[in-house]
Amino acid sequence: MLTPLNVILFGVVALLGVGFYGLLITRNLIKVVMVLQILVKAVILALVLAGKLSGNMGLGISTAATVIVADTIVAVVGLALAVQVRRRFGTVDVPQISTLRG
Amino acid sequence: MAAILVSLVIGLPWIGSVVVWLAGNKRSSFQHTTAVVASVLTAITSLVLLAFASADAVIRIPLGASFGELTFVPDGLAVSLTAIAAVVGSLAVIFSVDYMRGDAQLGRYYFLVLFFIGAMIGLVLSGNLLFTFFFWEITALCSYGLISFYNDDPKAVAGGMKALIITQVGGVGLLAGTLVAFAALGSFQVSDLLKNAEAIPAASLAFIAFSFLIAAAAKSAQFPFHTWLPDAMEAPTPISALIHAATMVNAGIYLLARFYPAFESVPSWTMSVLLVGLISATIAALSAVIATDLKRVLAYSTVSQLGYMVYAIGAGGVLASQFHLLSHAVFKALLFLAAGSVIHSVGTRDLRRMGGLGYKMPFVRNVFIVGALALAGIPILNGFWSKELILEVGLEHSSIWAYGIMLFGAGLTAFYTFRMVWLVFFGVEREHLHYHAAGSAMRVSLGILAVGTFVTWLLFGGLNGLLSTTLPFHEIEHESLVELVTAILSAPATWFALVVVAIGVGYSWVRMRGFKFFGGGALQPLVDTAFGFDSLNHFVVQLFSKSAERLRATQTGELNWNILGIIGGLLLVLVVLWMGA
């Protein structure tokens with residue numbers, strides 16, 4: 001039952017769960033960026049797993065590498081935006097920012 | 001050869017539309033020239049295409065596994081409608097050169113007109129239902145843009161919006177029917193649906209048949225969707241001619257005629273089609289009797305004449321409906337364009353302010369009377385032959401009461417047509433209106449259409465030959481022009497109809513003597529509310545806007561709520577998949 005594949009699958013589901021739960025409850029912009037990162041890590045793991053399962057390991061790993069690059073950019077831009085938002089509005093609380101407007 | 005012609009007949013107007021648009025509004029004479037050249041070339045190509053009619057697809061473009069092939073099938077039904085759309089459309093474009101002279105936004109105008117003509121041609125030639133739907137939606141979009149062309153006038157914008165919303169109901173019907181047909185047959189090909197209609201389960205086939213009926217009724221402004229067409233009268237008059245005669249409303253008749261063999265066996269489908277036509281023809285004729293706006297009278301008469309075509313299809317007379325479509329396209333374009341030159345000249349559409357204009361505008365009066373005689377069904381104009389053919393089919397294949405009502409409608413048609421003619425061109429001048437003579441481009445279009453009104457019924461043999469040889473599923477008998485003439489002249493139905501028409505004209509004459517043309521009596525409140533259908537439309541619109549207003553509360557724009565929605569949707573999908581598996 002506890003084969004390596006199952007362990008990885010469990011890891012994917014757990015990371016997804018943590019990520020979605022985080023998105024559901026968090027209001028802090030920096031935390032939003034962090035949980036998005038957790039979600040993307042789940043996706044990377046799932047891509048490698050899919051590559052293994054379909055016997056197409058190379059494709060899975062190369063797609064995962066592409067996602068890593070793309071998601072680093074997302075993280076950098078997201079954090080930079082958070083810094084700007086904090087400077088401008090004095091808060092990183094998402095609902096407050098959306099009611100402030102401008 | 002046929003493949004090249006088909007590509008040209010769709011491509012030419014579309015290329016022309018882009019060129020006109022890119023030319024920019026500063027070069028207006030170039031825009032006029034390009035539009036006329038593109039539309040006239042399209043018309044010539046469409047006439048050449050008539051010689052290449054065949055039941056087989058001439059263009060096949062594979063679209064991958066799920067969509068099958070995009071095919072274009074130039075069969076008799078398609079090429080005849082292509083010719084009508086292209087020729088009448090090009091005359092409307094020529095007329096526009098005078099009518100729209102000096103308008104600041106010619107680019108938008110001609111772009112939409114040419115795009116509209118191309119889309120209509122694509123609609124009838126397409127052999128793939130999905131693409132029929134795409135072209136169908138393009139025509140809806142263009143009609144919206146053209147009805148609301150004067151977009152600083154709130155009435156025009158409202159009329160365009162109404163047309164768009166109501167014809168969208170029809171679009172949804174067409175899409176739903178198409179998808180069910182695809183689910184049952186695994187193909188979007190029109191020919192597959194016609195060939196394998198018996199193989200489709202009865203319930204699915206009935207769903208497709210009635211969806212297509214809704215689509216056709218919405219597009220052709222038939223009961224209960226007839227309210228958009230009179231409100232579409234805010235458009236520039238050449239556009240009204242285009243929508244009423246060449247494009248748009250013919251699409252619904254085309255759809256019914258195209259799929260008649262497949263749906264014939266569906267229980268009560270033909271009866272429903274017949275009733276839709278009957279009710280539309282009667283309601284619209286009654287409305288036309290008391291309308292006081294010149295263009296509205298013509299709009300109601302279009303709904304009424306389209307009702308005759310739908311009735312003919314319901315009675316099994318596909319040929320009769322297409323013949324009347326041809327006649328109607330010619331004489332209605334003539335009437336609209338002639339009305340357009342009257343309106344352009346005197347600056348009002350109100351019949352109560354016109355009168356006695358015939359002495360000032362003899363040319364327009366003469367061609368208008370030609371169109372009016374055809375609309376009323378007076379021999380030997382084209383409207384006479386086609387309407388008699390419809391009534392004859394109706395007498396043979398539908399109940400006697402339905403025939404009686406249609407006969408009454410023919411009398412009403414004669415009455416309101418002549419009322420309109422008296423009010424515009426004869427009698428006393430009710431108000432002193434400034435006028436100027438029609439321009440030469442207007443005269444060219446009007447002259448061609450007036451000659452056409454006299455002679456297009458001679459094309460019956462050709463139309464019949466096209467339809468009977470290239471439509472394998474329709475079982476249209478071959479009948480020559482001579483046989484038609486003898487059949488109509490010897491049929492008692494013709495003489496009944498002529499008597500009724502004569503009564504209509506006579507009553508109109510009596511009313512004219514007494515100047516009792518305004519005030520509708522008991523009819524007035526009914527017509528003002530479009531026989532209650534305006535309030536029905538209003539109710540539906542209110543229902544949607546109110547529920548949308550309520551649902552707004554769910555759109556908070558907050559991240560957490562959106563995530564909750566996404567996760568909930570995901571869980572729902574998983575549960576459904578798990579339950580299904």
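Modeller: In this predicted model, two helices count as roughly antiparallel when the angle between their N-to-C directions is over 145 degrees.

Biologist: With that cut-off in hand, why are α2(A) and α3(A) called roughly antiparallel to each other?

Modeller: The axes of helix α2 (residues 29-53) of chain A and helix α3 (residues 57-89) of chain A come within 9 Å and cross at roughly 175°. Angles over 145 degrees count as roughly antiparallel, and therefore α2(A) and α3(A) are given that description.

Biologist: What makes up the contact of α2(A) with α3(A), taken by residue class?

Modeller: The contact of α2(A) with α3(A) has 19 nonpolar residues, together with five polar and two charged ones.

Biologist: How do you know that chain A is more spread out than a compact globule?

Modeller: Chain A consists of four helices and zero strands, which follow one another along the sequence as α-α-α-α. The radius of gyration of chain A is 17 Å, whereas the globule rule gives 13 Å for 102 residues; the value is well over the rule, so chain A is described as more spread out than a compact globule. Taken along the principal axes, the C-alpha atoms of chain A fill a box of roughly 50 × 25 × 15 Å.

Biologist: Turning to chain B, why is α16(B) described as roughly antiparallel to α17(B)?

Modeller: Helix α16 (residues 382-397) of chain B packs against helix α17 (residues 400-425) of chain B at an angle of about 160°, and their axes are 9 Å apart. Because the cut-off for roughly antiparallel is over 145 degrees, that angle makes α16(B) roughly antiparallel to α17(B). The crossing of these two helices, α16(B) and α17(B), is left-handed.

Biologist: Which residues of α16(B) and α17(B) meet, and what classes do the residues of this contact fall into?

Modeller: On the α16(B) side are B:K387, B:L391, B:G394 and B:L395, and these meet B:A402, B:Y403, B:M406, B:L407 and B:A410 in α17(B). By class, the residues of the contact of α16(B) with α17(B) divide into seven nonpolar, one polar and one charged; Gly is counted among the polar residues, and B:G394 belongs to this contact.

Biologist: How many residues of chain B are in contact with chain A, and what classes does the chain B side have?

Modeller: Seven residues of chain B are in contact with eight residues of chain A, and the side of chain B that touches chain A has four nonpolar, two polar and one charged residues.

Biologist: Into which domains is chain B divided, and how far apart do their C-alpha centres lie?

Modeller: Chain B is divided into domain 1 (2-528) and domain 2 (543-580), and the C-alpha centres of these two domains of chain B lie 44 Å apart.

Technical notes:
Residues are numbered from 1 along each chain as its sequence is written. Chains are lettered from A and ligands numbered from 1 in the order in which they are written. This is a predicted model: local features need pLDDT of at least 70, side-chain atom pairs count only at pLDDT 80 or more; totals for chains, interfaces and linings use all residues. Axes are lines fitted to C-alpha atoms, for helices over the stretch in contact, and angles run from 0 to 180 degrees between N-to-C directions. Angles under 35 degrees count as roughly parallel, over 145 as roughly antiparallel, 65 to 115 as roughly perpendicular and the rest as oblique. A crossing is left-handed if the near helix is turned anticlockwise from the far one by less than a right angle, and right-handed if clockwise. Two residues are in contact if their C-beta atoms, placed from the backbone, lie within 7 Å. Domain bounds come from an automatic or database domain assignment. The radius of gyration is taken over C-alpha atoms; the globule rule is 2.2 Å times the number of residues to the power 0.38.
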